[in-house]
Amino acid sequence: MKNKQLSIIFNEIGDMLDFLGDNPFRVRSYKRAAQIINGLNDDIETLFNSGALSKIKGIGEGLLTKIEEFIKTGEVHYHKELREKIPSGLLELLNVPYLGPATLRTLYKTLHITSMDELIKACEDKLLRNLSNFGAKREENIIKGLLRYKESHTRFTLGSIYEDVLALLKKIRGFDSTLKVEIAGSFRRMKETIGDIDILATSKNHKEAINSFCRLDDVKDVIAEGETKASVMLVSDLQADIRVVNEASFGACLQYFTGSKEHNVKLRSIAKSQGLKINEYGVFKDDIMIAGKDEYDVYKILNLQWIPPEMREDTGEIELAQKNALPEIIDYNDIKGDVHLHSTYSDGGESIENMALACIALGYQYMVVTDHSQSLKIAKGLDVERLKKQWEEIDNLNKKFNNFRIFKGSEVDIKKDGTLDYPDEILEQLDFVIASIHSGFKEDEKTLTNRIIKAMENPFVTLIGHPTGRIINIRDPYDLNLKEIFKVASETKTYCEINSYYERLDLNDVNSRIAKEYGVKFCLGTDAHNSLQLKYIRFGIAQARRGWLSKNDVINTLTLSEFESAIRAKRRTFGC
């Protein structure tokens, strides 16, 4: 939990410095450090004491001093010092979408807004629209941001809590009294956001297991504690509920509490039609339990294939399971390479070589370096001269590695007129081109759709990056005609990305499934800016599974030679 707490502190420091108008690079250093620390696999104190922390790009001397202070005292004095300069209510508002630091400073100085309630009242009274450079539309966006903020504080992004939940699971499995322990609910279904955590366990001593759970150091408050159930608030402000059940009912309970609600309602209907009753305790025939110990048996007794948790949303999976016709969806071990990652050439935190070594450690056969193109100045986008220098380094590194290939790629901006940020004679020399929108998000549907379509009509574009531009709980998707985009993607053999970074997961599960119906193929990329973020591929795979994608739908499940052939397919289509 220290990692999580320090990550929150550094993130707040970045927000406060931003509000106070501090140097943007200083702001970004704290934000990046927060991101790095939140993604660490090991305890921050262990890494600090071993000296390993000082070797991580993005953690400089100044930050190390504050980390040492936090380890020794549990706080950072600089954080407390900044909090005293800003009204407490404003700190919360810094996290509201559509409320950047500059906007908040204006509202603070002109309308003296210092809290959420005051801002809501000002919006209701239509006071913001009369301010210089605001207007009714901007006021509406701020109201939308307030609503989204409230929603986001009831649901957490999957990736932001994933490691914490696995660590909690490991601790519970370590109790002397527990036998089986599993996470159920939306976490097991790998939904992009999670409301709370449902934990199921069997135990030699139910009460002892509950008592051990409620006394974990991860627990901030005990909400309720009984003989077989307990509900707690974790230090991360995530609610966790545990239920200790008899082993004979464990499978039925796991199925029931995994959900979804709609999926379970349909199962109960099927059971009823067969003269059976199904609940969290088991499957019953005339009050006699006939299944329940194993989840597979719960489905089997209803004449259904076992359905992967990610598919359990009552969107047709049950009907296919009745016919024994469920698709074989992509597996978490199927990915052979990462196609979207950044290095120190642009805004990444590690060298190309370090990123390659990390990919090799994951068992990958290849990776694609996709640093930003020249117009994205804030991300140190590469001009042509620096891009060619990068190519030389990649050539030299490829001579060093056996059975591993680094492909020359770029994440190239799609300009407002749909042209790309490098000329074709440069794009032609790249192995892999991601075309992405990084500006002009608020343009109308037709304009944005045509920008992407024009990019896909370029023979050298391989992939459309984070196609809808959404950031979960922060930014809405662009206004796009996705069906038209998917149609053209299929015709031009342009791949669509499922960006695995947990705040994006773009394309999402629903849109991925629609795109597949149009014949679109996909790439999963992490958008990693350091080697620790390469593990985020799991979240992209989860969304692909939720979108019913198979291994054959995703080209970076291919072997090195197959992948190399596949990414040249579009150029052959255009005669290049």
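Is Tyr-78 buried or exposed? Tyr-78 is buried, since its relative accessible area is 17% and buried means under 20% (exposed is over 50%, partly exposed in between, with a 1.4 Å probe and protein chains only). Keep in mind that this is a predicted model, where local features need pLDDT of at least 70, side-chain atom pairs count only at pLDDT 80 or more, and totals for chains, interfaces and linings use all residues. Residues are numbered from 1 along each chain as its sequence is written, and side-chain values use heavy atoms, with hydrogens and water left out.

Let's start with the rings. A pair of aromatic rings is described by the distance of the centres and the angle of the planes. Rings of Phe, Tyr and Trp (its six-membered ring) pair if their centres lie within 6.5 Å; planes under 30 degrees apart are stacked, over 60 edge-to-face, and the rest tilted. That rule gives 19 aromatic pairs here. Take Tyr-30 and Tyr-78: their centres are 6.3 Å apart with 35° between the planes, a tilted pair. Tyr-30 sits in helix α2 (residues 24–38) and Tyr-78 in helix α5 (residues 77–83), so the pair ties together parts that are 48 residues apart in sequence. Helices (H or I, at least four residues) and strands (E, at least two) are DSSP runs, numbered from the N terminus. Tyr-30 also counts as buried, at 5% relative accessibility. Over the face of Tyr-78 lies Lys-66, 5.2 Å from the ring centre; the cut-offs for such a charge are NZ of Lys or CZ of Arg within 6 Å of the ring centre and within 35 degrees of the ring normal.

Another tilted pair is Tyr-536 with Phe-539, at 5.9 Å and 35°, and both residues are buried.

Five strands make an open, mixed sheet, ordered β2-β4-β7-β6-β5, where two strands pair if DSSP finds at least two bridges between them. β2 (178–183) and β5 (219–225) are the edges, each with a single partner strand, so one side of each has no neighbour in the sheet.
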